[in-house]
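Student: I would like to learn how to read the features of a model such as this one, step by step. Could we go through it together?

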Amino acid sequence: MPQRTLVATMGTDDRQVLPAMRLMPYDRLVLVAAEEAFESAGFRRLEAIEPLLHRVPVDPYDFLSCLEAVRLAVREASRDGPARMSVGGGSKILSSAAILAAFQEGVEAWYCDPEPIRLPVLRGIRLVEAFAREEQTLGRLVRGPVALDRLVRSAARHGLSRYLATRAVRSLTAKGLLDMQVVEGTTVVRPTAVFPALRPHLRGPPGKA
Amino acid sequence: MTVLFGTLGWRPQSLIPSIRGTEGLERVVVYHSDHAKSREARSRVIEFCRSLGVPASGVEVSDAFDLLHCASQIRSDVRKEKASGSSVRFNIAGGTRLMSSAALLVCILEGIPATYVHDETYQEIPLPLLHVAYGEGLTTKQREVLGFLVNNRDRDFTETSLAKSLGVHKATMNHHLRELERKGAIERLPDPDDARQLIVKPAPGMDLLIG
């Protein structure tokens, strides 16, 4: 039996979580919040209603760790059935990270503060879908600055023609993952500052059954 | 040349690292609320920009506590700059949570590089966003159908009447609508006047995706 999960971000009060619980039917509630929020009166009230709720503690002032924690919580929830998110609670950083996670994981999300507003997330369209096969192959080969020619040769060993590899470099550059510069007559490809955070979305080839 | 947009709360420090760190800075636009401290922060940012010789302007968000209103206003400004050929980046660190969320939403939808500034270290941190418009997750035809529904939200369409309005075959329309429904972009609601019919409506929030 698939389980519907509601993943909600929370601060120290339950003002944003309660409307989401009323709005979205769920079988399992996952709360993402700072450690101290789990000591709050708001949390105790929620725990009284939902004793089996699952806690995901985060550092609410670190955007990237919040993003990763929410993404993992959503992925785990999606394994058991449909997941939905309420992203209005918690610190500004946690709330923003949850919005980004919803778009990256293609999960329906509502901003409840306290009036519910649905965000225009396309369900099931995950970030990985934004990358063509050749972009994924080439992106996985980039570890640091590398000469374009060398990268293209390396891509050839993974089955990409020169044309496809060059096209993938150009499109990954346009998407903001790579940067190209001419250094002493050689074109050098470098990962941008956002590349490490987006790299996990360049999934590997499908494994054997 | 780059136009830097930023949301601003009470602390100019949340924006200044981005002003310092933007290459080829052409102009700075800050969104702030009508709170006196927010206006004061705007003045300090403008003064800082003036000392660098960079033009800066403030946009007082009339209702800093309405997500959709905020996002629409920001998106319209951002699109104007993009249309004029400027490169655009956004610092979403300051402002109310709602203003900051609205700015992030615009950055995701429009594919704009965004950063935030750490509260304690004042280090500028780029957000992992793709520089492609999010609406590209839909095909051209799906965008066309959804755009038509959004622009005619007040009217009721069945699958058949929608196919007729857009001049496509019923089966083709059925295919587009099934895909849009799967992605959560439309809803089919019972027709109050005819129990055999379903009315097709854009899902809430899709105005922002298409508008």
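Student: What should I keep in mind before reading?

Tutor: This is a predicted model, in which local features need pLDDT of at least 70 and side-chain atom pairs count only at pLDDT 80 or more, while totals for chains, interfaces and linings use all residues. Residues are numbered from 1 along each chain as its sequence is written, and chains are lettered from A, with ligands numbered from 1, in the order in which they are written.

Student: How many helices and strands are there in chain A?

Tutor: Helices (H or I, at least four residues) and strands (E, at least two) are DSSP runs numbered from the N terminus, and chain A has eight helices and nine strands. Its C-alpha atoms fill a box of roughly 65 × 40 × 25 Å along the principal axes. The domain assignment, whose bounds come from an automatic or database source, gives chain A domain 1 (5-118) and domain 2 (129-201), with C-alpha centres 35 Å apart.

Student: How do I read a sheet, and which strands of chain B stand at the edges?

Tutor: Two strands pair if DSSP finds at least two bridges between them. In chain B an open sheet of six strands runs in the order S3-S2-S1-S4-S5-S6, with mixed pairing. Strand S3 (56-60) and strand S6 (124-126) of chain B are at the edges with a single partner strand each, so one side of each is left without a neighbour in the sheet. Strand S5 (residues 114-117) of chain B pairs with S6(B) in the antiparallel sense over three bridges, and B:Tyr116 stands opposite B:Ile125 in S6(B).

Student: Which helix lies across S1, S2, S4 and S5 of chain B?

Tutor: Angles run from 0 to 180 degrees between N-to-C directions, with axes as lines fitted to C-alpha atoms, for helices over the stretch in contact. H4(B) lies across those four strands, running at about 145° to S1(B).

Student: What is a nonpolar core, and which residues have the most contacts inside the largest one?

Tutor: In soluble globular proteins, nonpolar side chains tend to be buried together. A nonpolar core is a set of buried Ala, Val, Leu, Ile, Met, Phe, Trp, Tyr and Cys residues joined through C-beta atoms within 7 Å; buried means 20 or more other C-beta atoms within 10 Å, exposed 12 or fewer, and partly exposed in between, with C-beta atoms placed from the backbone. The largest core here has 106 residues, and A:Val32 and A:Ala102 have the most contacts inside it. Helix H4 (residues 97-110) of chain B supplies the largest share, ten residues. Apart from this core lies another of 16 residues, including A:Leu151 and A:Phe195.

Student: Why does A:Phe103 count as buried, and what is it in contact with?

Tutor: A:Phe103, in helix H4 (residues 92-105) of chain A, counts as buried because it has 24 C-beta neighbours inside 10 Å. Contact requires C-beta atoms, placed from the backbone, within 7 Å; leaving aside neighbours within four places in sequence, A:Phe103 is in contact with A:Val121, B:Ile108 and B:Tyr134.

Student: How many residues does each chain give to the contact between them?

Tutor: Chain B gives 33 residues and chain A 27 residues. On the side of chain B, H4(B) gives the most, with seven residues. That side divides into 23 nonpolar, six polar and four charged residues, where Ala, Val, Leu, Ile, Met, Phe, Trp, Tyr, Cys and Pro count as nonpolar, Asp, Glu, Lys and Arg as charged, and the others, Gly among them, as polar.

Conventions: Contact = placed C-beta atoms within 7 Å.
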